Amino acid sequence: MQKPMEPEIYDLLRESVRDFVSRDVLPVASKVDQTDEFPLDLFKKMGKLGFLGVTVPEQYGGSGMDYRAQAIIEEELGYASASLALSYGAHSNLCLDNIYRNGSEFLRENYVPKLASGEWVGSLGLTEPSSGSDALAMKSRAEIKGDHYILSGSKTFITNAPYADLVLTYARTGDEFTAFAVPTNLDGFTRGKKFDKMGMRGSPTGEIFFDSIKLGKEMVVGKAGQGKSIILSGLNSERVILSFIFVGVSKRALELALKYSTERKQSGKFLHEFQLIEEKLAYMYTRYQTSKLLAERALDNLDRGTFDSLGAAAAIMHASETSEYIAREAIQILGGIGYVKDSEVERLLRDAILGQIGAGTTEIRKHLIASALVKKYKREDKIPNL
Ligand SMILES: Cc1cc2nc3c(=O)[nH]c(=O)nc-3n(C[C@H](O)[C@H](O)[C@H](O)COP(=O)(O)OP(=O)(O)OC[C@H]3O[C@@H](n4cnc5c(N)ncnc54)[C@H](O)[C@@H]3O)c2cc1C
């Protein structure tokens, strides 16, 4: 657990991310969506600004901050371009932070600085063609042969895969699972297709294949056979951090709806003067705030080092459902102009939908929440945290 920093440090960070977002991201967000091209230049710039390695100590090229700092970056990026925020999350949280926290000194020294600077792009490969929600049914396998492993299998729907230089991935090793850092320039690594998605366009999602890749034992992340605990702790942190993308999407959609309601007149009145529109704005604001508060609470636990899978699942479930609801209501408030292709709210809704699929679906989150509640209730005879 890291000591929290002075509040002014977070304020300064938020200011510098907002500066970057308003100058570099907002002006191109719509084009990134239309062209579906990964903005590699912005990504590299985030490396220079110290955003990519924000949770990693300075000795490994990072900024030496904590998850709160990473969440601030996600929220501000999510506000402007959820797709850039998703690629940032896959690189900085799912791959880089995970390798730093679980990796050996060899991995920290050789790979973390390249990822923190943006010289290398990182991915996390868990999902396979026949195992999505049931991730532990994976078929990828690594056989030990003397002093190295031979890794075979494939992963799909991997964020950043079309550009990745390093993939943190998981494979069966006997009856257990092991995490590996796989540089994509090794023999036997190939990329498949890039998916043409409805939303999160510009965040490249693709397939990867491992054809008998020879990996030295030093490429094991954590200990051999302990991949399951890395998967679970990684998913926990991922859920909390990615929640903030959707908090950012909600804020932007609410802001655009509010602005339009104060500019557009019908029947001699501004839209916000109609009670049915007032009701929408009131619900949108309240749900935006509750999603942010729930995400903040899960973030506190993450930074304290408390493993709270219930809180993490609740945070991302609520933040993603809320962003979809708010983006949909924003389209309704804008009327016809909200439904056209180049309206920002239309993009926000398409991006928001991914929130209910990536990092475990809403259905899986509901199962996690309910089963954790029942377990705690049986043990303590009360509802936790009330
Ligand atoms: C844009 C995008 C980016 C992604 N990025 C990554 C990444 O970087 N790395 C990575 O490893 N993966 C990534 N994924 C994959 C993502 O995690 C999976 O899509 C997700 O976990 C769901 O798996 P699936 O698509 O195979 O759906 P399935 O598991 O086949 O589920 C299909 C439907 O059945 C429901 N369902 C399944 N099992 C149950 C159950 N037990 N109870 C109730 N309902 C159930 C699901 O909720 C869903 O509604 C990404 C996906 C997308 C779309």
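1. Helices and strands here are DSSP runs, at least four residues long for a helix and at least two for a strand, numbered from the N terminus. With that in hand, we can count: this predicted model has 11 helices and 10 strands. Its radius of gyration is 21 Å, close to the 21 Å that the globule rule gives for 386 residues, so the protein is as compact as a globular protein of that length.

2. Still on the overall picture, the C-alpha trace spans about 80 × 55 × 45 Å along its principal axes. Buried residues make up 51% of the 386 residues. Have a look at the contacts too: of those between residues at least 6 apart in sequence, 73% join residues at least 24 apart.

3. How is the chain divided up? The domain assignment gives domain 1 (7–120), domain 2 (124–224) and domain 3 (228–380). Keep those three ranges handy for the next points.

4. Let's take domains 1 and 2 as a pair. Their C-alpha centres lie 22 Å apart, and 26 residues of domain 1 are in contact with 17 residues of domain 2. On the domain 1 side, α1 (7–35), α4 (82–102) and α5 (105–117) each supply at least two of the touching residues. The biggest giver is α4, with 12 residues. Sorted by class, that side of domain 1 has 16 nonpolar, 7 polar and 3 charged residues.

5. Now for the ligand. It is surrounded by 21 residues, and the closest are Leu-126, Gly-132, Ser-133, Thr-361 and Glu-363. The elements giving two or more residues to this shell are β1 (122–125), β3 (148–159) and α11 (362–380). By class, the shell divides into 9 nonpolar, 10 polar and 2 charged residues. Where does the ligand sit relative to the domains? Domain 2 and domain 3 both give residues to the shell, so the ligand lies between them.

6. Is α6 mostly covered or mostly open? Mostly covered, as 27 of its 37 residues are buried.

7. Next, zoom in on Lys-193, which lies in strand β6 (residues 189–194). If you leave aside neighbours within four places in sequence, Lys-193 is in contact with Gly-206 and Glu-207. Thr-205 is 12 residues away from Lys-193 along the chain, and the C-alpha atoms of the two are separated by 8.6 Å.

8. Finally, two backbone angles worth a look. Most residues other than glycine have a negative phi. Asn-160, however, has a positive phi, near 75°, and Ser-212 has a positive phi too, near 50°. Asn-160 is found in the loop between β3 and β4 (166–173), while Ser-212 lies in strand β7 (residues 205–216). Which of them is buried and which is exposed? Asn-160 is buried, with 28 other C-beta atoms within 10 Å, whereas Ser-212 is exposed, with 10 other C-beta atoms within 10 Å.

Conventions: Residues numbered from 1 in each chain as written. Predicted model: local features only at pLDDT ≥ 70, side-chain atom pairs only at ≥ 80, totals over all residues. Rg over C-alpha atoms; globule rule 2.2 N^0.38 Å. Buried ≥ 20, exposed ≤ 12 C-beta atoms within 10 Å, placed from the backbone. Contact = placed C-beta atoms within 7 Å. Near = placed C-beta within 6 Å. Nonpolar A, V, L, I, M, F, W, Y, C, P; charged D, E, K, R; others polar. Domains from an automatic or database assignment.
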